[in-house]
Amino acid sequence: MLMKIELDSPLDMHLHLRDGNMMRLVAPLSARYFSGAVIMPNLVPPVNSLEKLLAYKQRLTEALYSYDFHLYMTLFFQNYTEEELLRARSHIIGIKLYPAGVTTNSANGVANILQAETTLKIMEELAIPLLVHGETHGFVMDREQEFLDIYRDLAIRFPKLKISMEHITTAAALKLLDEFENLYATVTLQHLLITLDDVAGGLLRPHLFCKPIAKRPEDRDALQQAALSGHPKLMFGSDSAPHPVHAKEACGCAAGVFTAPIALPMLAELFERHHALDHLQAFISDNAHRIYGLPRQAKTVSLIRQEMTIPQKYAGFGERVVPMNAKQTISWSYED
Ligand code: DOR
Ligand code: ZN
């Protein structure tokens with residue numbers, strides 16, 4: 001008998017669905033296997049008004065075909081008035097803050113966190129969560145660690161603000177997570193599996209290059225341990241970030257790993273290898289539902305222990321994108 005697991009309402013708490021033809025290609029690939037996702041706002045120009053957000057949501061909805069998939073929208077952080085946030089509140093799950101210039105399409109981000117004070121105060125009062133790309137402009141391996149002081153400061157100064165440290169990559173970030181009640185975190189598939197050695201230790205592997213960069217073995221091991229134990233404040237957020245193949249296989253390689261369509265079987269493989277399949281449901285769904293108080297979408301995704309070869313690429317609408325671990329065979333697949 002084939003071993004099978006059923007995941008109830010799997011959520012991707014950090015997803016880049018882009019716009020235009022790339023959106024048309026990738027949105028259904030998430031919608032098929034997840035019950036919902038938190039949609040990142042780093043378009044060009046950014047999603048920084050309710051009007052832009054509703055128009056983007058409409059374009060996404062049209063790209064989803066008939067899949068049952070909940071779009072949890074985010075606004076791009078800038079200074080907003082209380083009136084703007086009151087209007088936006090029921091349409092968003094949170095606001096995503098990018099320090100200016102730290103990653104793809106973040107030029108309009110926050111140059112000085114002190115200038116964000118007033119808006120953060122309003123968000124705290126209106127119970128709008130803050131999602132953060134937590135990196136400084138320091139040395140690439142130290143950027144997250146250096147940002148931890150800012151997280152600590154925010155957690156102390158805004159004790160009622162729910163703060164999600166997005167795509168954490170270090171053991172130090174996990175430690176901070178346990179120190180403050182109002183801190184939560186997402187972690188990606190790639191940061192659970194790889195270290196900087198996989199990216200740049202041998203031949204350079206552009207499809208594993210992302211921000212924050214993968215770190216040291218001890219960081220990866222700490223992240224694994226937390227996810228595999230079903231840590232109640234840790235959620236799966238793929239940070240699946242598609243770039244056209246020519247932008248990845250290039251002299252200046254764009255940052256971003258495309259994982260959305262293969263994330264669940266790869267997680268099943270990882271959790272099974274560590275005898276932790278019992279905790280996959282918490283990591284992929286229950287923690288996020290509880291932390292954000294989300295309704296269940298009543299969607300079940302079945303995985304079976306049967307080999308699957310990851311496609312070399314996903315193509316359509318004139319776009320081509322290469323997934324993580326393309327052409328490799330993994331031990332789990334989708335039932336259908
Ligand atoms: O590698 C990344 N790619 N990190 C981010 O923070 C943004 C993302 C993207 O939008 O491509
Ligand atoms: Zn991201």
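**Loops, a zinc site and an enclosed ligand**

Biologist: In the loop between which strands does F317 lie?
Modeller: This is a predicted model, in which local features need pLDDT of at least 70 and side-chain atom pairs count only at pLDDT 80 or more, while totals for chains, interfaces and linings use all residues. Residues are numbered from 1 along each chain as its sequence is written, chains are lettered from A and ligands numbered from 1 in the order in which they are written, and side-chain values use heavy atoms, with hydrogens and water left out. Strands (DSSP runs of E, at least two residues) and helices (runs of H or I, at least four) are numbered from the N terminus, and on that numbering F317 lies in the loop between β12 (314–316) and β13 (319–321).

Biologist: What is the phi of F317, and is the residue buried or partly exposed?
Modeller: Most residues other than glycine have a negative phi. F317, in contrast, has a positive phi near 55°. With buried taken as under 20% relative accessible area, exposed as over 50% and partly exposed as in between (1.4 Å probe, protein chains only), the 41% of F317 makes this residue partly exposed.

Biologist: H167 also has a positive phi; what is its value, and what is the relative accessibility of H167?
Modeller: H167 lies in the loop between β7 (163–165) and α6 (171–179), and its phi is about 35° although it is not a glycine. H167 counts as buried, its relative accessibility being 1%.

Biologist: Which residues coordinate the zinc ion (ligand 2)?
Modeller: Donors are N, O and S atoms within 2.8 Å of the metal (3.2 Å for Na, K and Ca), and water is not among the atoms, so sites may look incomplete. In sequence, the donor residues follow the spacing H-x1-H-x222-D. At 2.1 Å, the coordinating atoms are NE2 of H14, NE2 of H16 and OD of D239.

Biologist: How many residues apart in sequence are the parts that H14 and D239 tie together?
Modeller: H14 is buried, at 1% relative accessible area, and D239 is buried as well, at 7%. Because H14 belongs to strand β2 (residues 11–15) and D239 to the loop between β9 (234–236) and α10 (245–248), the pair ties together parts whose separation in sequence, in residues, is 225.

Biologist: How much of the accessible area of ligand 1 does the protein cover?
Modeller: A polar contact is a pair of N or O atoms within 3.5 Å, and oxygen atoms of ligand 1 lie 2.8 Å from a side-chain N or O atom of R18, 3.1 Å from a polar side-chain atom of T103 and 3.2 Å from one of T104. On its own, ligand 1 has 290 Å² of accessible area (Shrake-Rupley method, 1.4 Å probe), and the part of this that the protein covers is 100%.

Biologist: Which peptide bonds are cis, and what is omega for the one from K211 to P212?
Modeller: Most peptide bonds are trans. V44 and P45 are joined by a cis bond with omega about -5°, and P45 lies in the loop between β3 (36–39) and α2 (50–63). P212 lies in the loop between α8 (196–200) and α9 (217–228), and the bond from K211 to P212 is likewise cis, with omega near -5°.

Definitions and conventions:
A polar contact is a pair of N or O atoms within 3.5 Å; within protein, one must be able to donate a hydrogen and the other to accept it, and residues adjacent in sequence count only if both atoms are side-chain atoms.
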